[in-house]
Structures are given as C-alpha cells and as structure tokens.
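Please keep the sequence and the 3D view open as you go.

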Amino acid sequence: MDTWLGPTFCNTLPLSFPISARILSSSFSSSSSMAASPSHHRFHHHRRCYSNPNPSQPQPALLVFSGGTAFNGVIEELKNFTDRVAHVLPVSDDGGSTAEIVRVLGGPAVGDIRSRCLRLSDQSTVEALAVRNLLGHRLPLDPLQAKSEWYSIVEGDHVLWKDVSKPYRETIRAFLVYFQNQILRRAEESFCFSNGSIGNFFFAGARIFFQSLDAAIFLFSRVSDIPPESLVLPVISTNDRLTLGCELWDGTIIRGQNEISHPTRGTIELIKKGSFSTPALPSRIKRVFYMSSEGKNLLHEVFPSVNAAVLEWLNNVNCIVYGMGSLFTSICPSLVLLGIGEIISSRSCLKVLMLNGTWDRETNGFSASCFVTAITDALNRTYGEPSNRLQNLPNHYINTLLVPRNGEIPVDIDSLAAQGIFDVVDRISSMHDEDIFQDSLFEIFCGQVHAWIWHLV
C-alpha cells in the first residue's frame, strides 16, 4: 500500500537514519488518513533537530519553486542540508536592468536566474569571491556614470578584475564584449546602463551567443562553480520574450510582472519588493497567465511549454517546496503551466508551503488558507482555458505548512483543516531564519521516515 512518503524517498534515505523520541511523537500520517480524521490536525512547536550526522548517506532531493529574491535568504543554510536541489525559477521578470535588456535585445528575463546562481556560487577562495563580486556588481544609477564604469569593466581595467585569473577573465570578458557588440548593433535603441547588473549582461551575452538559455545557465554555473548537484532550471526554456499578465476579480487585466507586483513611475528606480509604498490593487488577483510580447497577437494569452527537465525532477524528488516570496508573480507563473499540476498531484512525497512572514501588494489581507487556495487554483488552472482545468484538492498539492513565528499572516487552522492540510509547523522564527528552516526540513524528513516504518509494521 502506498503512502505519501513514496518509494523514491525510501530508496534515498536509509532506514538507519537516526530518529529521536521527540520527532517520533510528531510523525506524519498519510494524507488520506488525515483527511478522514479532522481531529488529527496539529500545530507543531518543534525543537532543534540537527543535520544529517552521516554525510556518506545519500542526500534527499528537493525541488523548489521560488523567485529570485525572497528564497535567497535560506540558500546558504540549505546547502548544509542537501546539495541535491533543483531551483525552478520564472523567466517573466520585467523590472530593473532585465527590462532594459529585454527591451533592446528581446529574449527571456534572466534576472531571477542570475540572482539564484550567484547565491549558489562558490565563495571558498579569493578568486571565487572575486568572480562572485564581479558578476554580482551593479552599475551606478546615474546613466553617464553607469556607462563610464561599464566601459571600464568591458575593457578589462576595472578594479573588479583584480584577483580574477587570466582564464576566467578571458572567458567572462568574451561574453561581456559580445553583449556590448549586440548593443552597438542596435544603437538606435539607445541602451541605458543605469543600475545594470554585470551578471545579467554576461547571461544575455552567453544566451544570444549560444542561442540557448540552458547553455547560458550551464556556462554561468561553471564559471561561478556551483555544485554539480544543484541545478537552476528556468520553468520555460526559451529564447523568446515572455510577458506575465494577471486578471483581477473585478475584470481588470494588468500586463507585466513589475506592473503587478511593484509598479514604477516609468523612471529608473530601485525596487523595494517588501515595501507598501506602491498603491494597492483595485481588487484581488484571480489568476496569472502568459501574454505574447512579439508578433501580431501582442496582447493575446499564450500557452508556453514547461521545461522538460522540470517535469523530470518533479517525478523523482523527495520533497517539493513552494518557497516564500511574491505569490502571484514569483511562484504561480511556474505552477500554471501544463504538466506541473498533473505531476505534483500524482506524487506521494512531502509537499511544503513556506508561508510568507508579511503581506505584500499581491497578498494584502490574505490568511494562510488563501495562499493554499491561490496555489491550488494555479496548479488546477481553475480560471484558465476550460479544456486544461484540473479538479484536484488542495492537499494533493500541499501537505505541510511551514509558518514563520510572529509572522503577520493569520494561520486559520480550521480553514486549513477543511482543505485537508493538518501539518502546520510553527517553526521558523523569521522569514529569513536560515538555520531553523534547515532544521525544520530535516525534522520533517525524520518524521516521514518514522511514518513509513510504522506503515510497514
């Protein structure tokens, strides 16, 4: 008989994995048995559980849906838990220097991917830190100063090149020069370097040279020495420009990720993603979808294909994580694609929602169950093309909720129980409490192994 622990997890983590008495008392039952017994719902207050004491044993494999900012806070400590993580990121960000690259050169947005690659990059040597600092550098806001500094970098005489060896210097600079060449070929577009990201420029140069986003990610991963078992996967592998749209409950259509989450006034300015300085939406978001940005059907909805590598990982990981971040513009764009909901609902594994610590423009007034509903609707494609809709229950997609302690999002336990979600872990002290997030995941895995053993007995 199958439980939602799943055979892949059993084959990955050995049965000799240590399980403490305090974890045994909070083991996880199957989704079906819990749904049949509402009295089983619990609100856990876990104590510390440290990382795997036997590093020779296989590490659990995770797939994380997230954007390029909020989840970055837990990356460093997540490395101590497992290197086997597939980071699935959207390619529809149209803010900051990404917007300028897309405006002039077209193609998918690479800002979120670049951000995650930098967080995963090596920092163990002087040269590794120098490469990370170079690719993580942003140019000044002033357009003239930005252009001047960019020329200093691309010509190879900027101080950022210090401690970067000749092989790395020549490799990185080659793609920066190629990017500059592409800009010069479109001089009539008058590219603005203000607040530009050197990593984004490198990414764009590599993508255009190889005519492949996957190849550009591979090159960036090797240059920044990302662990080979840590993957950064665009949810859509494309060379085309993609635009995110959303429909509000009042019928309003908003075009562009930046306009949805934190609209600017049409000028170059720093985006404060956690700020409430932007005006509120006229009504809540009903759904997000993709819109054509090129060709004759400029404002029409399109249905891009999901990256096949994402589906392959979804079929084999031990745990699926919906990371904290912008719910409708960072998480849901990856969930609305055909094939994602089908596989997640069929998997018998740990499916964790990391609840945000605060509201933002997209989720103002939401409770925990509202987050669950939004994710369920996205995976079911509830308000999209009728022929593509699914009708799965919320607990087919989420079976565990990690809650930031002292967060402002209300945790409505009864509503969550009605959705079939009974494991609510009040564990994380803050949105970016990295070590406690790591221990929480480890503790949940321990409980899963115990539940599987008892199921066999």
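Helix 6 and helix 11 are roughly parallel to each other, because their packing angle is about 25° and angles under 35 degrees count as roughly parallel, over 145 as roughly antiparallel, 65 to 115 as roughly perpendicular and the rest as oblique. This is a predicted model, in which local features need pLDDT of at least 70, side-chain atom pairs count only at pLDDT 80 or more, and totals for chains, interfaces and linings use all residues. Residues are numbered from 1 along each chain as its sequence is written, and side-chain values use heavy atoms, leaving out hydrogens and water.

**Helix 6 and helix 11**
- Helix 6 covers residues 111-120 and helix 11 covers residues 213-223, and their axes lie 11 Å apart; axes are lines fitted to C-alpha atoms, for helices over the stretch in contact, and angles run from 0 to 180 degrees between N-to-C directions.
- Helices (H or I, at least four residues) and strands (E, at least two) are DSSP runs, numbered from the N terminus.
- I113, R114, C117 and L118 of helix 6 meet L213, I217 and F220 of helix 11, where contact means heavy atoms within 4.5 Å.
- By class, the residues of this contact are six nonpolar, no polar and one charged; Ala, Val, Leu, Ile, Met, Phe, Trp, Tyr, Cys and Pro count as nonpolar, Asp, Glu, Lys and Arg as charged, and the others, Gly among them, as polar.

**Helix 9 and helix 10**
- Helix 9 (residues 166-184) packs against helix 10 (residues 198-210) at an angle of about 80°, with the axes 8 Å apart.
- That angle makes helix 9 roughly perpendicular to helix 10.
- The residues in contact include F175, L176 and F179 of helix 9, along with F201, F202 and F209 of helix 10.
- This contact has 13 nonpolar, three polar and no charged residues.

**Cysteines**
- How many disulfides are there? The count comes to zero, with a disulfide taken as a pair of cysteine sulfur atoms within 2.5 Å.
- C349 is in no disulfide, and the nearest cysteine sulfur, that of C319, is 6.9 Å away.
- C349 is buried at a relative accessible area of 1%, where buried means under 20%, exposed over 50% and partly exposed in between (1.4 Å probe, protein chains only).
- C117, one of the helix 6 contact residues, is also buried, at 0%.

**The whole chain**
- The secondary structure comes to 18 helices and 12 strands.
- Of the 457 residues, 57% count as buried.
- Among contacts with a separation of 6 or more, 76% are between residues 24 or more positions apart.
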